[in-house]
Every structure is written in structure tokens, then in C-alpha cells.
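Please keep the sequence and the 3D view open while reading.

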Amino acid sequence: MLKIGSHVSMSNGLIGAAEEAWSYGANTFMIYTGAPQNTRRSPIEKLKIKEGQEFMKAHGISDIVVHAPYIINLAAAKEDTYAFAKEFLKLELARTKTLGSEYLVIHPGAYTSATLDEGIDRIVAAINSALQEDGPTLLLETMSGKGTEIGKNFHEIKRIIAGVIIKNKIGVCFDTCHLHDSGYDIVEDFDGVLKEFDELVGKDYIKVVHLNGSINVRGAKKDRHANLGADRTNPRGEDKIGITAIKKIVANPICQNIPLILETPWLDKNTNLYKEEIELLRGN
């Protein structure tokens, strides 16, 4: 079964997010509990959780995903920034559980003025201080390799997971744009990329996939998403991954029965292609 959805807004709480997802023909979705660029969050009692869960149950929507804000840096070299990131991670995991989601996706972090080894050690320590046996699973997103960000290759992901104590509460979110931009050949050899990941980390750790095109050539390390199958007539530029490759990825057994989430660009502030892209991936 394909579980396909997109990032949707929480401006009207969980019920608004569920209704928006349904309007796109989705059967799953991803939310931020507040703006992804900051850590301001509305009280949990204002998020209309019961209404949203009732709507999802009635409309066959399940396995929703929560994404932590981008600015949380679990590898931060500055102690005050690091301490805040650790505490906010605990709060986000609690909010994720209350929302009824099993998955919280997070960008692992950037080591900035420290070293890669120090950054990985700090990420591991932060995760171990936050994970609980009865809580959601934390998913490390594969990254594109900008600057000093960690998670740009499978070896770094492996090192983080190796240090996590509660292994059944850690996982990975594959991002097609990030994988491509970091240098992995998902266009011509996704099976080979998956084989490498399985040998290093274990494919069972893959719990969510972000389906995005990229305006960059492979290995550019820039992280610029494109609409699926975009061409030179698209204002967001040509997609260097291509719809043929994305469809092949979706057809892979690894993508069955896990949330597949679109983070493709909006054409303008009022227009996205989520409905059309979901239909395209379903073959409608």
C-alpha cells in the first residue's frame, strides 16, 4: 500500500492539517508543530487534536509524521545553544506523542566551530538524554552536505545510530533531494544506494521517505528542492532527478507501507502541486 502525503499547515491545528491533506488526496501527511524556522509553539490544548484524529480515522489517514524545526542543532558547539536544543528535543518528542504520531524527523545538526567527531558525540548524547521506551521514534534525516552539517553520508548516520542506547526508537528518513545533492546516484542506481545503506546501517531503519526533486546536479551539496518532473518551463527550474527515477524509488519494496512525504516547492504563496504530484505518483 502506498502512503503518500505532503507537508501541510498546522495553522488551524490538527483538524486543519488533516483536512488540507485530504484535499490533496493524501492518506498521510507531515506537520511542524509550529513554524520550522523558529521554536515558538502554541499550547498543545489549542491544536484541536481530538477533532483531527477523528477526521483522520473517518477518512483513512494514518502514520502522520512530525518534523522538528530546522534551527535545532544537536551538534552545537556553544553550550547554551546545545542545552536549548536538548531540552527542545524532549518537548518535541512529547508533543509528537500527544499528536498521535510515531515519528519525529530531525536534521542531525552541524558541528560549526567544533570537529565532526565532537559533533557526532554531542548528537548521540542529546538523543540518549531524550529518547524514551514509550515515546515516538526519532528519525535522522539524510542531509545534502552543506557546510558542516552531519548526516551527509551513511557512515555518519551509522556512527550516530551505533551510539544510541534505545535502538528501537531511532530510525532514518531518506530525502531524495538530499541524497542526490550529497552525491548518491539515486537516478541510475537507487538499488545500489539502498544496498550500501543496508550493509552499513540496515534498511529496516528507514521509516519515512521525503520525495523531492532537485534543481542541482548530483553532488552539488546545495539542497534545492524541485517539483517532481519539473522542466525548464517550471519557475522552480529543471528537476535533475526526474519523475522516472522518483517513480522507480516509489515502486521499490522499501517504500511500501511507510509514509512518503512531498516537500516540493510552492509555485507561489497560494499555489502548490501536491494534489497533482500525488496523483502522478499513484498513476492516476
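## Second largest pocket

The second largest pocket has a volume of about 170 Å³. The model is a predicted one.

## Largest pocket

The largest pocket has a volume of about 390 Å³. It is lined by 17 residues. Which of them are the closest to its centre? They are Tyr32, Tyr70, Asp223, His225 and Glu263.

The lining of the largest pocket counts five nonpolar, seven polar and five charged residues.

## Helices H3 and H4

Two packed helices are described by the angle between their axes and the distance between the axes. Helix H3 spans residues 79-98, and helix H4 spans residues 116-130. Their axes lie 9 Å apart, and the packing angle is about 40 degrees. The crossing of H3 and H4 is right-handed.

On the H3 side, the contact uses Glu79, Tyr82, Lys86, Leu89, Lys90 and Leu93. On the H4 side, it uses Arg122, Ala125, Ala126, Ile127, Ser129 and Ala130. Seven of the contact residues are nonpolar, one is polar and four are charged.

## Helices H4 and H5

H4 also packs against H5, with the axes 9 Å apart and an angle of about 40 degrees. That angle makes H4 oblique to H5. H4 passes H5 in a right-handed crossing.

From H4, the contact takes in Leu116, Asp117, Ile120, Ile123, Val124, Ile127 and Asn128. H5 supplies Glu156, Arg159, Ile160 and Gly163. The classes here are six nonpolar, two polar and three charged. Ile127 of H4 is listed in this contact and in the contact with H3.

## Helices H5 and H7

Helix H5 covers residues 154-163, and helix H7 covers residues 190-200. The two axes come within 10 Å and cross at roughly 30 degrees. Are H5 and H7 roughly parallel or roughly antiparallel to each other? The angle is under 35 degrees, so H5 and H7 count as roughly parallel. Their crossing is right-handed.

H5 brings Phe154, His155, Ile157 and Lys158 to the contact. H7 brings Val193, Glu196, Phe197 and Leu200. Five of these residues are nonpolar, one is polar and two are charged.

Notes
Residues are numbered from 1 along each chain as its sequence is written. This is a predicted model: local features need pLDDT of at least 70, side-chain atom pairs count only at pLDDT 80 or more; totals for chains, interfaces and linings use all residues. Side-chain values use heavy atoms; hydrogens and water are left out. Axes are lines fitted to C-alpha atoms, for helices over the stretch in contact, and angles run from 0 to 180 degrees between N-to-C directions. Helices (H or I, at least four residues) and strands (E, at least two) are DSSP runs, numbered from the N terminus. Angles under 35 degrees count as roughly parallel, over 145 as roughly antiparallel, 65 to 115 as roughly perpendicular and the rest as oblique. A crossing is left-handed if the near helix is turned anticlockwise from the far one by less than a right angle, and right-handed if clockwise. Contact means heavy atoms within 4.5 Å. Ala, Val, Leu, Ile, Met, Phe, Trp, Tyr, Cys and Pro count as nonpolar, Asp, Glu, Lys and Arg as charged, and the others, Gly among them, as polar. On a 1 Å grid over the protein atoms alone, a cavity is a set of points where a 1.4 Å probe fits but cannot get out, and a pocket is an open set with protein on both sides within 12 Å along at least five of seven lines; lining residues have an atom within 4 Å of a point. Grid points are joined across faces, edges and corners, and a volume is the space filled by probe spheres set on the points.
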